[in-house]
Amino acid sequence: MPKISVIVPVYQAEKFLRDCVESVRQQTFSDWELLLVDDGCTDGSPVICDELAQTDDRIRVFHKEKNSGVSETRNVGLDHARGTCIAFLDSDDRYEPRCLETLWDLRERAGADTAACAHLNLWADGSETPEPVLPAGVYDADAIREKIVCPLLGDRLAQPVFNGFIWRYLFSAEIFDKLHLRYEGAYLEDELFLMEYFCNARRLAVTEEPLYRYLQNPASATHKYMKDFQQVFGRFMERKEDLAARYDLTPDRPQWRENSNWAGLLIAIGNEYAPGNPKTLRQRQETIRALCQRPDMAHAIQTLTPVGMSRNKQLAARLVRGGHFWLLSQLYRIKNRI
């Protein structure tokens, strides 16, 4: 039984996949298995997966007949993982050579169930910027709740927003098994996954060493127009409500609903004016007006004034609060050159 299972969801990744897998094979820590889950790819990725598996018996491949998204794809990996710990790696990203060794040793020395590292953001111009999870140290359950769970619950506006990146962690398979924790949804799924996991984690060891190389990919799902975003967000809020109730989180962030709805509204606005939306500018404007009139959004707009956001989001929030939807449309028309 391997110590670490690394799960890689694969979709149309032929350009990056070999480098991604090689970053695992070059790890200074050798007791791992690599699960490549082909999410119904139509490019050369399935063949590459099979070829790579033939070169190393620690690599296992699972082929799905139809594309169903990253959540279900990761779940296939979780269903077949045999490791004591679970790590995630995206197919267009890479590990630093000492990533798994550092996280495993950090976890062992601290007597922790979970370890975390910083990562490097890789930009199109070739620059790299490090981004920490938390300051280096060991966090108990109370600190985990305050530093991770509560920010994910209700601190979604002021910068810096705590990012729900799952690939920065070495997780306990035992906690996954106890909760039968799995992914749901095509967007924002990482935030809820992390919230529930860390409501059950007891000890987290953190290093500020950037051990994960994250490609800022403009072709990723987070940069595309989602025609069903409002339905996706509605389901996200239902699940968040359930987590808040089960783990009694609301007293820690009494305005988490308003904060989360504001964050969702601003994402919805950006999504509505994204370049792939076939609606006219007027139709987009009316969609946003109707969204702002929904009881949950209207309550958030009336009762919470967002602060600490980026200048563009701050301006968008002011226009929304003032009901200036035509000006909001012009702002995004200029920004996105619609």
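In which loop is aspartate 248 found? Aspartate 248 lies in the loop between α8 and α9, where helices (H or I, at least four residues) and strands (E, at least two) are DSSP runs numbered from the N terminus. The structure is a predicted model, in which local features need pLDDT of at least 70, side-chain atom pairs count only at pLDDT 80 or more, and totals for chains, interfaces and linings use all residues. Residues are numbered from 1 along each chain as its sequence is written, and side-chain values use heavy atoms, with hydrogens and water left out.

Helix α5 comprises 14 residues (141-154). Buried residues (under 20% relative accessible area; exposed, over 50%; partly exposed in between; 1.4 Å probe, protein chains only) of α5 include Ile144, Ile148 and Pro151. Among the elements covering the buried residues of α5 are β8 (137-140), β9 (169-172) and α8 (229-246).

Most residues other than glycine have a negative phi, and most peptide bonds are trans. The bond from glutamine 159 to proline 160 is cis, with omega near -5°, and proline 160 belongs to the loop between α5 and β9. Positive phi values are found for histidine 180, about 45°, and aspartate 248, about 50°. Histidine 180 is placed between α6 (173-179) and α7 and counts as exposed because its relative accessibility is 54%.

How values were computed. Expected span 1.5 Å × (residues − 1). Contact = heavy atoms within 4.5 Å.
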